[in-house]
Amino acid sequence: MKQTRNVALITGGARGIGQGIAARLTRDGWRVVLADRDAPASAPPESRFQSADVSDEAAVRGLVDGISAQEGGLDALICNAGFMIRKPIGALSLDEWQSVIGTNLTSTFLLARAAEPLLRASKGAIVTIASTRAHQSEPNTESYAASKGGLLALTHALAISLGPDIRANCVSPGWIDTKASELSAEDHAQHPAGCVGRVEDVASLVAWLIGPESGFVTGAEFVIDGGMTRKMIYAE
Ligand SMILES: NC(=O)c1ccc[n+]([C@@H]2O[C@H](COP(=O)([O-])OP(=O)(O)OC[C@H]3O[C@@H](n4cnc5c(N)ncnc54)[C@H](O)[C@@H]3O)[C@@H](O)[C@H]2O)c1
């Protein structure tokens with residue numbers, strides 16, 4: 001039987017931004033399923049942890065079947081799991097390239113495909129977590145940049161194919177401090193907004209995107225980077 005609460009699946013929900021989104025959504029009254037390769041150190045009440053490698057087709061199928069059986073439906077899919085390999089392209093193996101593409105991009109294809117019937121039934125929403133690196137790069141980040149650029153494009157494709165039943169939007173964070181790091185005054189000051197981002201900043205945007213007040217928003221990208229990608233930088 002369908003939960004009375006709305007149900008959200010958050011991938012990569014064991015720590016970092018995914019954990020922050022889970023905390024926000026459970027506070028807002030959502031039932032949350034956290035899917036991660038690693039178990040969370042702590043999980044909010046009204047959440048269930050499911051161990052899963054979201055780049056694995058069978059694991060994704062099992063994850064979504066489990067939600068259907070246990071939660072009885074799905075209202076929001078938040079594709080957040082991701083990681084980066086920084087290596088000169090000459091040293092990057094094909095396996096490494098494919099592992100980044102598998103987790104950061106292919107997983108969203110697998111999840112959206114498996115969850116389509118549940119999300120259509122609920123008139124639900126998908127949010128993908130890409131990166132400002134979909135648009136700009138540091139050296140030696142080819143696989144990550146390609147995965148995030150692909151994820152941005154996949155998101156607008158999903159919005160067109162799955163609408164009007166399902167909305168799909170992309171959030172592209174800049175620098176988000178996930179570890180309560182010791183940051184310098186310069187770290188903060190270089191951002192036009194005056195500070196490095198927090199997981200709560202991303203979580204509040206995601207909460208709005210899967211909520212009832214964003215019904216006219218689909219296929220869009222939301223850059224949340226304190227203005228960094230709008231800043232023109234020339235060497236002195
Ligand atoms: N933190 C930032 O500054 C920043 C900036 C831009 C984009 N992002 C993106 O935001 C998302 C979250 O980043 P974060 O900083 O919280 O990272 P994080 O490393 O703190 O957390 C990522 C989580 O994803 C999980 N994960 C990784 N691969 C997985 C897989 N195949 N299956 C299941 N779980 C998997 C990890 O175990 C981890 O719990 C990522 O997609 C990342 O690319 C982060």
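## Contacts and overall form

In this predicted model, 69% of the contacts in the protein chain with a separation of 6 or more are between residues 24 or more positions apart. Of the 236 residues of the chain, 42% count as buried.

The protein chain contains nine strands and six helices. Its radius of gyration is 17 Å, close to the 18 Å given by the globule rule for 236 residues, so the chain is as compact as a globular protein of that length. The C-alpha trace spans about 65 × 40 × 35 Å along its principal axes.

## The sheet

An open sheet is formed by seven strands with parallel pairing, in the order β3-β2-β1-β4-β5-β6-β9. The edges are held by β3 (47-51) and β9 (221-224); each has a single partner strand, so one side of each is left without a neighbour in the sheet. On average, neighbouring strands of this sheet are turned by 15° against each other, direction ignored.

Strands β1 (residues 7-11) and β2 (residues 31-36) run parallel and are joined by five bridges. Ile-10 has Leu-34 in β2 as its bridge partner.

## A helix across the strands

## Surroundings of the ligand

The shell around the ligand holds 25 residues, of which Gly-12, Gly-16, Ile-17, Gly-82 and Ser-131 come nearest. Helix α1 (residues 16-27) supplies the largest share of this shell, with three residues. By class, the shell divides into 10 polar, 10 nonpolar and five charged residues.

Methods: Residues are numbered from 1 along each chain as its sequence is written. This is a predicted model: local features need pLDDT of at least 70, side-chain atom pairs count only at pLDDT 80 or more; totals for chains, interfaces and linings use all residues. A residue is near a molecule or strand if its C-beta atom, placed from the backbone, lies within 6 Å of it. Helices (H or I, at least four residues) and strands (E, at least two) are DSSP runs, numbered from the N terminus. Ala, Val, Leu, Ile, Met, Phe, Trp, Tyr, Cys and Pro count as nonpolar, Asp, Glu, Lys and Arg as charged, and the others, Gly among them, as polar. The radius of gyration is taken over C-alpha atoms; the globule rule is 2.2 Å times the number of residues to the power 0.38. A residue is buried if 20 or more other C-beta atoms lie within 10 Å of its own, exposed if 12 or fewer, and partly exposed in between; C-beta atoms are placed from the backbone. Two residues are in contact if their C-beta atoms, placed from the backbone, lie within 7 Å. Two strands pair if DSSP finds at least two bridges between them. Axes are lines fitted to C-alpha atoms, for helices over the stretch in contact, and angles run from 0 to 180 degrees between N-to-C directions.
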